[in-house]
Amino acid sequence: MSNKDYFGKIKTGGSNSSKGFAYQDLCAAFYLLKYFNVSGFNSIGIETDDDFSLLFDDKIKINVQVKYEELTIPLVNKYASRNKIILGPSKNKSLSTFLSYLKQFTNNQLSNEDNLSKISVSTDFRKILERNSIAFKDISEISRVWNVDILPEDKIKDIIKLEIIEWGIKNSLLLNGDECLKDLILIIYESRCDRGYIRKSDAKNIFEKHSKKLTIEREFGVSLNFLENLNLNQDEILISVNSKVSKAEGLILDGDYEGALSEYIELSKTIKSEKLYVKCAGILQILGKIDDAIFYCDNALKINSLYPMALAVKGTLIAEKGDNDFALELLKSAEFQDNTDPFIIYNIGVIHLNLKNIDDAISYFEKSIELAPKLSYPYLNLSICYFHQGVISEAAKYIDIALLLEPGLPEALSQKGEIKRFYGKTDEASKLFERCLLDTPKNIVANLGLALCLIEKGDPLGFGLLVFNYQKELSELDLNKSLVILDIGWERTLAISIQNIDGSSYLVNYDDLEVYVPKPSKDRIAIGVMNTKGTTLPLIIKSYAEINSYKNAVNAIRLSQSTDLFVPANGSVKGKSDHCEIKINLEHYFIYGKTDKSDSKGYRSFVESFDGWFLLLITHEGSKQQESFTVVGLKCN
């Protein structure tokens, strides 16, 4: 192709340059928002010392060099220096692998490993530096000099709008992300021409210009729980049984669903009321008795075949059995009879979401918000819909509103955690997942999300949690076959394989790191002390049900054992109200478990005798084999 061709360098040069400057302006906008709430940050300079610079009250300045190309090791090595960030839209495989090694090296140097181990790792890392022509006299300096960030070009606008909207929600403002972004880019462009500075107050003025006050007022008497909406007409079911209805309603309020069900079933034997039957169906649904609940819905429909609430409740029950198509037919029939009930409209949205009809789901969730704007779950599910579509700024907006309406809602916490994790904010995501799991320990999204966060942070516990989350799929895996998990994030894709290697363990491979994870079994863990010759020794016992799991554990711990027979480890022992959580990370193995519920006597005695080391006893219940190790480096809270 000639340079003079339409697509040649001469005629495309201006366009390509414009793309580079546009990307650079978006990066400046992103960093302005990223540091907006950081203590001491006051402004950003455009083309003052570098492509842009971050300025702080204490005279600290961080320069940012933007490269509109794939980042490589030679490119980063050329520009890297203290207080400088090298930023680009992507990185090649070699740089990605090197940054992973750098993170592992840094983690090792900051750990409780002994000096011999740290020196050994430093020697290995220096070889990697030499292999990549990177020269450092003091290799501990590299983690402070090599600051690399990736902002994918196709997603950067969305994450800027996400940051804008989240700032607005925190300040009780509903912001127009698109208009805010346009004005922000305009003042960055103007500052580029004059080598000017943009203060936090300049950005704040833009946000307030394109905002409206977000007011959240709770409405009482409206709920997506049809049990609360389904008021029985007491004239309809006779004055003589008013006391039974009152008693049953009181039991529902107290959470005694079995007792309430008993009262309503007795009433239903003598009074044929479709509302009464649906009330029984709803309680049975809460108790997990789906087929019995359908039976009572059918009884209601025998009295009135078009009773909308009976159709709607039966639809949700059929959906629980997995037949979403029939469920949608029932709910659409209920909508035809009553298109103003938020319970019906909301659940049609849920079925469309189950069927991956995302646009239809969004339409119904929006309609349910119009009918009952102060309920949290439609906002939660709107967030999930937009997250599926990749419109992350909208997903973040609606999840924040859901949490304003119902603070601490577990499902909303897990969804917000997923949004944070997508953008690589693993620390923030982990906290959200952990909060969710305090109330709903079996939440699938939070459990899997926490596992992937821990893996990204280099915590071996993440591999165990990952295996736990995929128990069903792994139980069907043939020997030597692998399950591959791909998790796509904003700037990275995690590729993890789990191989079924034998009857007792899985081999997890992630980013060239291999970890053996025992298969879930009836293993147990205990904590306390051992009294021997008048001496009290802190003791943790890990007991294995499978002999191969026991042997794998013993062999792996021996590999971690240093010449002085001490086993270095990190991790923690945390006492809870009725049990103890134990996490022990070894070089080639990890142990995690929760003790049986007790009065914490064993934990308290362990704490009293713990002085930086403890005795780890590995046992196999069946053969009575056991092996003991002296472990150092654990934290005891």
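The following legends describe close-up views of a predicted model.

**View 1. The second largest pocket and its lining.** The second largest pocket of the predicted model has a volume of about 630 Å³. Its lining is made up of 26 residues. Nearest the centre of this pocket lie Phe387, Glu418, Arg421, Val445 and Leu448. Two or more lining residues come from each of helix H18 (376-389), helix H20 (410-422), helix H22 (444-456) and strand E11 (482-488). Helix H20 supplies the largest share of the lining, six residues. By class, the lining of the second largest pocket comprises twelve nonpolar, eight polar and six charged residues.

**View 2. The largest cavity, lined in part by helices H6 and H20.** Across the whole structure, a search finds one cavity of 30 Å³ or more. The largest cavity has a volume of about 40 Å³. Its lining is formed by Leu162, Glu163, Glu166, Ile419, Lys420, Tyr423 and Lys425. The elements contributing two or more residues to this lining are helix H6 (156-170) and helix H20. Helix H6 gives the most, with three residues. The lining of the largest cavity contains three nonpolar and four charged residues, and no polar residues.

**View 3. Thr440 in the loop between helices H21 and H22.** Thr440 belongs to the loop that lies between helix H21 (426-439) and helix H22. The relative accessible area of Thr440 is 23%, and this residue is therefore classed as partly exposed. Along the chain, Thr440 and Pro410 are 30 residues apart, and their C-alpha atoms are separated by 6.7 Å.

**View 4. An open sheet of five strands.** The five strands of this sheet follow the order E15-E16-E21-E22-E17, and their pairing is mixed. Strand E15 (524-532) and strand E17 (566-568) stand at the edges; each has a single partner strand, so one side of each is left without a neighbour in the sheet. On average, neighbouring strands of this sheet are turned by 35° against each other, direction ignored.

**View 5. The pairing of strands E21 and E22.** In general, strands of a sheet pair through backbone hydrogen bonds, either parallel or antiparallel. Strand E21 (residues 613-620) and strand E22 (residues 626-632) run antiparallel and are joined by seven bridges. Phe614 stands opposite Val631, a residue of strand E22.

**View 6. Helices H25 and H26 against the sheet.** Helix H25 lies across strand E16 (535-544) and strands E17, E21 and E22. The direction of helix H25 runs at about 150° to strand E21. Helix H26 (residues 601-609) also packs on the sheet, where it touches strands E15, E16 and E21. The direction of helix H26 makes about 50° with that of strand E15.

**View 7. Ser560 and its contacts.** Ser560 lies in helix H25, which spans residues 547-560. With a relative accessible area of 4%, Ser560 falls under the 20% cut-off and is therefore buried. Not counting residues up to four places away in sequence, Ser560 touches Val567, Pro568, Leu586, Glu587 and His588. One of these residues, Leu586, is 26 residues from Ser560 in sequence, with a C-alpha to C-alpha distance of 6.6 Å in space.

Definitions and conventions. Residues numbered from 1 in each chain as written. Predicted model: local features only at pLDDT ≥ 70, side-chain atom pairs only at ≥ 80, totals over all residues. Heavy atoms only, no water. 1 Å grid on protein atoms, 1.4 Å probe; cavity = no way out; pocket = protein on both sides within 12 Å on 5 of 7 lines; lining within 4 Å. Points joined across faces, edges and corners; volume = space filled by probe spheres on them. Helix = DSSP H or I, 4+ residues; strand = E, 2+ residues; numbered from the N terminus. Nonpolar A, V, L, I, M, F, W, Y, C, P; charged D, E, K, R; others polar. Buried < 20%, exposed > 50% of the residue type's maximum accessible area, 1.4 Å probe, protein only. Contact = heavy atoms within 4.5 Å. Pairing = 2+ DSSP bridges. Axes fitted to C-alpha atoms, helices over the stretch in contact; angles between N-to-C directions.
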